[in-house]
Amino acid sequence: MAVLFLLFLLTVSVVSADEDGFIGVNIGTAISDMPSPTQVVALLKAQNIRHVRLYDADRALLLALANTGIRVTVSVPNDQILGIGQSNATAANWVARNVIAHVPATNITAIAVGSEILTTLPNAAPVLVSALKFIHSALVASNLDGQIKVSTPHSSSIILDSFPPSQAFFNRSWDPVMVPLLKFLQSTGSYFMLNAYPYYDYMQSNGVIPLDYALFRPLPPDKEAVDANTLLHYTNVFDAIVDAAYFAMSYLNFTNVPIFVTESGWPSKGDSSEPDATLENANTYNSNLIRHVLNNTGTPKHPKIAVSTYIYELYNEDLRPGAISEKNWGLFDADGMPVYTLHLTGAGTVLANDTTNQTFCVAKEGADPKMLQAALDWACGPGKVDCSYLLQGQPCYEPDNVVAHSTYAFNAYFQKMAKSPGTCDFKGVATITTTDPSHGSCIFPGSAGRNGSLPNTTSLAPSSNSTTSGCHSVYIYGAGSFTTSVIIGVLLMSVFFL
């Protein structure tokens, strides 16, 4: 075990990342009332989604994505793999028609050649690597190989003995494909595309995998899964799947190919045999997944090396065959209404704008208390927010701490300014969320419970002779050496925050 652990330490930093992790979405089309390309792009923009994966190279959608800056992964459908894998000319024609015709206006950054070919279309496996090479050669000929990576998504089921992750290896029957594939990815600087579904691992475990472990919920230390060979602790299934893929590649002597997760998600509805396909679980999984990726947490094997992930999927696909759950992986219905409102406090702005316009500005998790205090004082002073609701005996006094009070004040200012861009920042200590922070009798401005109105809307600014609303000392929580006069002097420079 000591030898294995030493080997782990020697290889842990081999994989490197050149950018922060991102969250993207998959866009399926098995929808009876498919939104128009312009509607799709409008939703992407509204949700600050900057990365998408298409299951084809739909011309109309690629045109609609032009000049948006959104990074696009296009796909070669499975039924075209055999033709492209056997003909360089066919591959070149595909690239000319579906890529060259759209760049640089449309920001195509990757081509996914097929999807789960080894497990869903094994007769095409012998030409899979040839298909990737032919596609790549066409990009080289057009001087696009530096901008556009080529890879192919795999089902995690090709990984055998996946726990503990350090013992994982690819199904050996696929070595004649996997070894040249990994050589190609390594030589072209591309990445291993992996579809990771903790939902299915949980469902197929017959109760061995706890639901909390699949959903990224916090576990007590004695409930964490420990890899006996590396002594690494795994707090969620997602990380275990990704590290199993890393170890499986290491088993074949490839240690410098990064992983992109091309599909992951949780269904929001299922039939009687799928009791855990619920709105609450889907919300919990995807919210925690987004936070996990955007925090650049990495995995136990490769901490701080982000695993960029595409959520499956943007829309519910009502025309998909199979179980009820197959139709209910989407974040949105076809009309653009959210299936559920993600809990994304502290996870940035991606997917944080509810299309029902229920968005709020809250204090960022882990923000410096002194910065929060200063921003709170500005909002209640020069920002002209009515902070009387935060006074002792008023509905929003409890909990009596700077995080709760600044959240109320930040949101009141954000709503007062009609959610204008830049009005939920406060020197980086605030963030937008779709989770309503109202609690008990404390109903926040913008909440459905208040019909979107502010309290005392006839007088948003504290009056000049007020003894409460403009009194900064009322809202100080352990401000340390800051004096009220110093705080007021600094806060008059409103540009400092906005």
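How exposed is R320: buried, partly exposed or exposed? R320 is partly exposed, with a relative accessible area of 27%. What you have here is a predicted model, where local features need pLDDT of at least 70, side-chain atom pairs count only at pLDDT 80 or more, and totals for chains, interfaces and linings use all residues. Residues are numbered from 1 along each chain as its sequence is written, and side-chain values use heavy atoms, with hydrogens and water left out.

**The overall picture**

- The protein's secondary structure comes to 15 helices and 15 strands. Both are DSSP runs numbered from the N terminus: helices are H or I with at least four residues, and strands are E with at least two.
- The protein has 498 residues, and 52% of them are buried. Buried means under 20% relative accessible area, exposed means over 50%, and partly exposed is in between (1.4 Å probe, protein chains only).
- Take the contacts between residues at least 6 apart in sequence: 71% of them join residues at least 24 apart. A contact here means heavy atoms within 4.5 Å.
- The accessible surface comes to about 20700 Å², and carbon and sulfur atoms account for 55% of that. Areas come from the Shrake-Rupley method with a 1.4 Å probe, and for residues, only the protein chains shown count as cover.

**Salt bridges**

- The structure holds six salt bridges. To count, a side-chain nitrogen of Lys or Arg has to be within 4 Å of a carboxyl oxygen of Asp or Glu.
- R320, from the opening question, meets E317 in one of these, at 3.8 Å from N to O. While R320 is partly exposed at 27%, E317 counts as buried, at 4% relative accessibility.
- Salt bridges that share partners also join D212, R217 and E280 into one network.
- E280 counts as exposed, at 57% relative accessibility.

**A charged patch on the surface**

- D33, D318, D333 and D335 form a negative surface patch. Patches are made of residues with over 30% relative accessible area and no salt bridge; like charges are joined within 9 Å, and nonpolar side chains (Val, Leu, Ile, Met, Phe, Trp, Tyr) within 5 Å.
- For the charges, Lys and Arg count as positive and Asp and Glu as negative, with His and the chain ends not counted. The place of a charge is taken as NZ of Lys, CZ of Arg, CG of Asp or CD of Glu.

- F163 and P164 are joined by a cis peptide bond, with omega about 5°. You'll find P164 in the loop between β7 (159-160) and β8 (169-170).
- The peptide bond from Y312 to E313 is cis as well, with omega near 10°. E313 is in the loop between β13 and β14.
- E116 isn't a glycine, yet it has a positive phi of about 55°. It is in the loop between β4 (108-113) and α6 (117-120), and it is buried, with a relative accessible area of 19%.
- F216, again a residue other than glycine, has a positive phi near 70°. F216 is in the loop between α10 (211-214) and β10 (225-226) and counts as buried, at 13% relative accessibility.

**A buried asparagine**

- N411 lies in helix α14 (residues 402-416). It is buried, with a relative accessible area of 0%.
- What does N411 contact, leaving aside its neighbours within four places in sequence? Its contacts are T359, F360, C361, F444 and P445.
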